[in-house]
Amino acid sequence: MEQNSDPTVVLHACLGVGHLIPMVELAKLFVRRGISVVIAVPTPPASAADFFSASSSAVTSIVAANPSIAFHNLPPPDYPSPDPDPFLQMLDLLRLTVPSLLAFLRSLPSVAALVLDLFCIDALDAAAESGVPAYIYYTSSAGDLAAFLHLPHHFATTEGDIKDMGKALLRFPGVPPIPASDMPHTVLDRANRTCNTRIAHYGRIPEARGVLVNTYEWLEARAVSALREGVCVPDRPTPPVHCIGPLIVKGAAAEGERHSCLSWLDAQPERSVVFICFGSLGAVSAAQLKAIAHGLEKSGHRFLWVVRSPPIDPAKFFLPRPEPDLHALLPEGFTERTRGRGIVLKMWAPQVEVLRHAATGAFMTHCGWNSVLEAASAGVPMLCWPQYAEQRLNKVFVVDEMKAGVVVEGYDEELVTAEEVEKKVRLVLESEEGEKLRERLALAKLKAAEALADSGPSQAAFDEFLKDLKLSK
Ligand code: UDP
């Protein structure tokens, strides 16, 4: 990285497409204002290189696609016996990277701030040691943040485990009641190391000088108010919360070659297609793929479906997946019978562009937060089918709070039936309830555009943050 004497903002990212993409979009906000910024990215040690190979290659493509952004690869730490749990392995890597981050901060002539992904929260220590103000960039919903900020208090003041509560409702400030079964698996069991690590992480959020959240206030007004009022953390002050989103990738249509699925969409009627995609890692079983296929076929509606190979051993969650064998995975004759009204893509679709296309009328999503923001900004109602991490929480907020989607029932069981897929596709694309959802989403789209407009609330929140850094120009 070229060095100059202007104070630099250092963004510290974790390895994960859903985290790195919004971090790059945040970096662009600084670049647009002429502020020096660099994204410090961890490098897995040789002992875990295979394990992180899919993430590392995603990082390589994101770096290549963003030549205007400076990246700095932090040297790999020693990690002689990686934890067998993939999530803990990632958190360990980030914790062990803190000394190299500290060395990097010290090597820069002047650092205005360190902005951390929440997974990198141990880096608060590097900020404290180098005297740099630290901020957290929260890349999921304000609702999740409100719930997670409250969790240390919940754990300190209750007994028993969330895993034993079934569908009993948890009531946290700022968010609708959350069925215990919709809490992330990482916080279900006190005896578990992942749970203790996460609760300790949430307990450290108030140490930051501020929290940037990739959301817009209109979408999550109640959670944002609770965060601002400081009621999510009863026993300590909550740092100022800046809602700077929705920060989403613009889409590559103008730059690269246009994906053929977009030309197919051009030929479909407005709001007629259901788009099915479960994020960068989500995948369902072979039996489930067949049930989705039958449901789509019976619905009679048009579809654009991203299919991945069924999940493998959970310990290999972050490993590259083989391409799906569609011939073996889809029901016999499915492709022929649905020819002309549906297309199946292997592995990946240009999601942002698909969602923004006028032909897209519904989005069956795993409720990863980027996907939710992309759907809301494009005005597309969601069929919520959460899979892992905080996606079930986001489902609760999308359906109960934002009124921006419906639940695909059975998401928490072994199989969602073909009948349910058909029913929910029809509900969104054909019914009065679907029409109401579309009206609500049209408003969400308008409010997202307003938030990002010059002097709109999200721009104003970013300026307020720069003022705190003494970097406003
Ligand atoms: N994405 C995409 N095409 C795909 C799958 C995912 O462009 O086929 C993008 C999607 O637009 C989003 C990101 O990958 O920006 C996924 O982030 P999200 O938070 O929704 O889910 P995660 O992958 O973190 O579970």
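Two residues are taken to be in contact if their C-beta atoms, placed from the backbone, lie within 7 Å. On this basis, residues 24 or more positions apart account for 74% of the contacts in the protein chain with a separation of 6 or more. The structure is a predicted model, in which local features need pLDDT of at least 70, side-chain atom pairs count only at pLDDT 80 or more, and totals for chains, interfaces and linings use all residues. Residue numbers start from 1 along each chain as its sequence is written.

The overall architecture comes first. Helices (H or I, at least four residues) and strands (E, at least two) are DSSP runs numbered from the N terminus. The protein chain has 18 helices and 15 strands. Its radius of gyration, taken over C-alpha atoms, is 22 Å, close to the 23 Å that the globule rule gives for 473 residues, so the chain is as compact as a globular protein of that length. The globule rule is 2.2 Å times the number of residues to the power 0.38. Along the principal axes, the C-alpha trace of the protein chain spans about 65 × 55 × 45 Å. A residue is buried if 20 or more other C-beta atoms lie within 10 Å of its own, exposed if 12 or fewer, and partly exposed in between, with C-beta atoms placed from the backbone. Buried residues make up 47% of the 473 residues in the protein chain.

We turn next to the ligand. A residue is near a molecule or strand if its C-beta atom, placed from the backbone, lies within 6 Å of it. There are 18 residues around the ligand, and Gly18, Gly279, Ser280, Gly368 and Ser371 come nearest. At least two residues of this shell are supplied by each of α1 (17-32), α13 (351-356) and α14 (369-378). The most is given by α14, with four residues. By class, the shell has 10 nonpolar, seven polar and one charged residues; here Ala, Val, Leu, Ile, Met, Phe, Trp, Tyr, Cys and Pro count as nonpolar, Asp, Glu, Lys and Arg as charged, and the others, Gly among them, as polar.

Helix α14 deserves a paragraph of its own. It is mostly covered, as 10 of its 10 residues are buried. Among these buried residues are Trp369, Ser371 and Glu374. What covers the buried residues of α14 includes α1, α13, β13 (360-365), β14 (382-384), α15 (391-401) and α17. Two packed helices are described by the angle between their axes and the distance between the axes. For α14 and helix α17 (residues 432-452), the angle is about 100 degrees and the axes are 6 Å apart. That makes α14 roughly perpendicular to α17, a term for angles of 65 to 115 degrees, whereas those under 35 count as roughly parallel, over 145 as roughly antiparallel and the rest as oblique. Axes are lines fitted to C-alpha atoms, for helices over the stretch in contact, and angles run from 0 to 180 degrees between N-to-C directions. Ala376, Ser377 and Ala378 in α14 meet Leu441, Ala444, Lys445 and Ala448 in α17. The residues of this contact divide into five nonpolar, one polar and one charged.

Several backbone details are found on either side of α14 and elsewhere. Cysteine 367 is found in the loop between β13 and α14, and has a positive phi of about 70 degrees although it is not a glycine. With 30 other C-beta atoms within 10 Å, cysteine 367 is buried. Glycine 379, which follows α14, also has a positive phi, near 75 degrees. In the loop between β14 and α15, alanine 389 has a phi near 50 degrees, a positive value in a residue other than glycine. Alanine 389 is buried, with 23 other C-beta atoms within 10 Å. The peptide bond from glycine 245 to proline 246 is cis, with omega near 0 degrees, and proline 246 lies in the loop between β9 (241-243) and α9 (260-266).

Two further alanines complete the picture. Alanine 146 lies in helix α6 (residues 142-157) and is buried, with 27 other C-beta atoms within 10 Å. Not counting residues up to four places away in sequence, alanine 146 touches residues including Phe172, Val175, Ala226 and Cys232. Alanine 48 is found in the loop between β2 (37-41) and α2 (53-64), and counts as buried with 20 C-beta neighbours inside 10 Å.
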